[in-house]
Amino acid sequence: HDDAQSEHGYVGDTVPYGYGTIPADPNWSITRVTIPWYLYRHYGDRAVLERHYEAMRRYVDYWQGVSDDGIVPSEYANYGDWLTFENADGRRGLPFELFNTAFQYRTTDLFARIAAVLSREADAARYDDRAAHVRDRFNEVFFDPDSATYGPGTQSSYAVPLFFGLVPDEHEDTVVSGLVEKVRRDGRKLKTGFLGSRALLH
């Protein structure tokens with residue numbers, strides 16, 4: 001990622017870049033933050049977080065900068081929930097803004113945790129506040145509390161918010177029940193694409 005990252009913070013669809021678009025789909029390029037985090041979780045070596053800290057910050061800040069009050073517009077999506085079996089534009093799973101924003105929350109929340117691991121308290125508080133704002137806006141825009149559904153009510157639009165901890169505590173049980181019922185209605189078959197499959201199987 002270091003060699004492929006723009007000075008503005010984003011990366012391309014491929015690393016090293018040779019195919020796709022720049023900036024990368026925000027749902028796919030989260031590896032700029034998740035790979036150092038998982039290396040730390042696996043090995044317990046904080047040095048990997050220190051080494052990539054400022055690059056991860058630039059990545060998170062870029063997506064914060066292009067968001068519209070916490071919501072990442074659909075124009076930045078290239079793939080969405082790629083190869084989903086429902087609610088798709090060709091191979092691209094919709095809605096883009098829902099997935100874009102969920103994954104922006106994920107990287108912002110992870111960066112706040114990384115800052116805390118490195119005892120950078122001011123950054124930890126700042127990015128935790130940013131993540132909370134994205135979470136609040138996500139629920140304002142995409143969640144229907146009356147039906148306990150997110151967006152179009154697809155398997156992925158249920159599963160991703162649950163997996164990332166975006167669902168308000170008081171609605172978690174009903175959202176889980178909605179997801180279970182959706183899978184039952186779908187003949188107990190997965191309809192998720194690249195983004196939703198891991199979340200659903202977790």
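## Backbone features in the loops

Arg188 lies in the loop between helix H6 (172-185) and H7; helices (H or I, at least four residues) and strands (E, at least two) are DSSP runs, numbered from the N terminus. The phi angle of Arg188 is near 60°, a positive value in a residue other than glycine. With a relative accessible area of 65%, Arg188 is exposed, where exposed means over 50% relative accessible area, buried under 20%, and partly exposed in between (1.4 Å probe, protein chains only). The structure is a predicted model, in which local features need pLDDT of at least 70 and side-chain atom pairs count only at pLDDT 80 or more, while totals for chains, interfaces and linings use all residues. Residues are numbered from 1 along each chain as its sequence is written, and side-chain values use heavy atoms, with hydrogens and water left out.

Ala148 also has a positive phi, near 55°, and is a residue other than glycine. Ala148 is found in the loop between strand S3 (143-144) and strand S4 (149-150). Its relative accessible area is 7%, so Ala148 is buried. One joins Ile22 and Pro23, with omega about 0°; Pro23 lies in the segment before H1. Another joins Leu94 and Pro95, again with omega about 0°, and Pro95 is placed in the loop between strand S2 (92-93) and H3.

## Helix H3

Helix H3 has 22 residues and reaches 32 Å from its first C-alpha to its last, close to the 32 Å expected at 1.5 Å a residue. The expected span of a helix is 1.5 Å times one less than its number of residues. Of the 22 residues of H3, 18 are buried, so the helix is largely enclosed by the rest of the structure. Just after H3, Ser119 takes a positive phi of about 60°.

## The largest pocket

The largest pocket has a volume of about 230 Å³. On a 1 Å grid over the protein atoms alone, a cavity is a set of points where a 1.4 Å probe fits but cannot get out, whereas a pocket is an open set with protein on both sides within 12 Å along at least five of seven lines; lining residues have an atom within 4 Å of a point. Grid points are joined across faces, edges and corners, and a volume is the space filled by probe spheres set on the points.

The lining of this pocket consists of 15 residues, of which Asn27, Ile30, Phe103, Phe164 and Arg198 lie nearest its centre. Two or more lining residues come from each of helix H1 (31-43), helix H3 (96-117), helix H5 (155-164) and helix H7 (194-201). H7 gives the most, with four residues. By residue class, the lining divides into ten nonpolar, three polar and two charged. Here Ala, Val, Leu, Ile, Met, Phe, Trp, Tyr, Cys and Pro count as nonpolar, Asp, Glu, Lys and Arg as charged, and the others, Gly among them, as polar.

## Salt bridges

A salt bridge is a side-chain nitrogen of Lys or Arg within 4 Å of a carboxyl oxygen of Asp or Glu, and by this rule the count comes to twelve. One of them joins the side chains of Asp69 and Arg137, at 3.2 Å from N to O. This pair links distant parts of the chain, 68 residues apart: Asp69 is in the loop between helix H2 (47-66) and strand S1 (88-89), and Arg137 is in helix H4 (residues 121-142). Asp69 counts as partly exposed, at 42% relative accessibility, whereas Arg137 counts as buried, at 18%.

Within helix H4, Arg126 and Asp123 lie three residues apart, about one turn of the helix. The closest N and O atoms of their salt bridge are 2.4 Å apart. Arg126 is partly exposed at 38% relative accessibility, while Asp123 is buried at 8%. Salt bridges that share partners join Glu50, Glu54, Arg57, Arg120, Asp123 and Arg126 into one network. A further salt bridge is formed by Lys182 and Asp186, with the closest N and O atoms 2.6 Å apart; both residues are buried.

## Contacts of Ser157

Ser157 lies in helix H5 and, at 0% relative accessibility, counts as buried. The side chain of Ser157 reaches the backbone nitrogen of Thr154 at 2.8 Å and the backbone nitrogen of Gly153 at 3.3 Å. A polar contact is a pair of N or O atoms within 3.5 Å; within protein, one must be able to donate a hydrogen and the other to accept it, and residues adjacent in sequence count only if both atoms are side-chain atoms.
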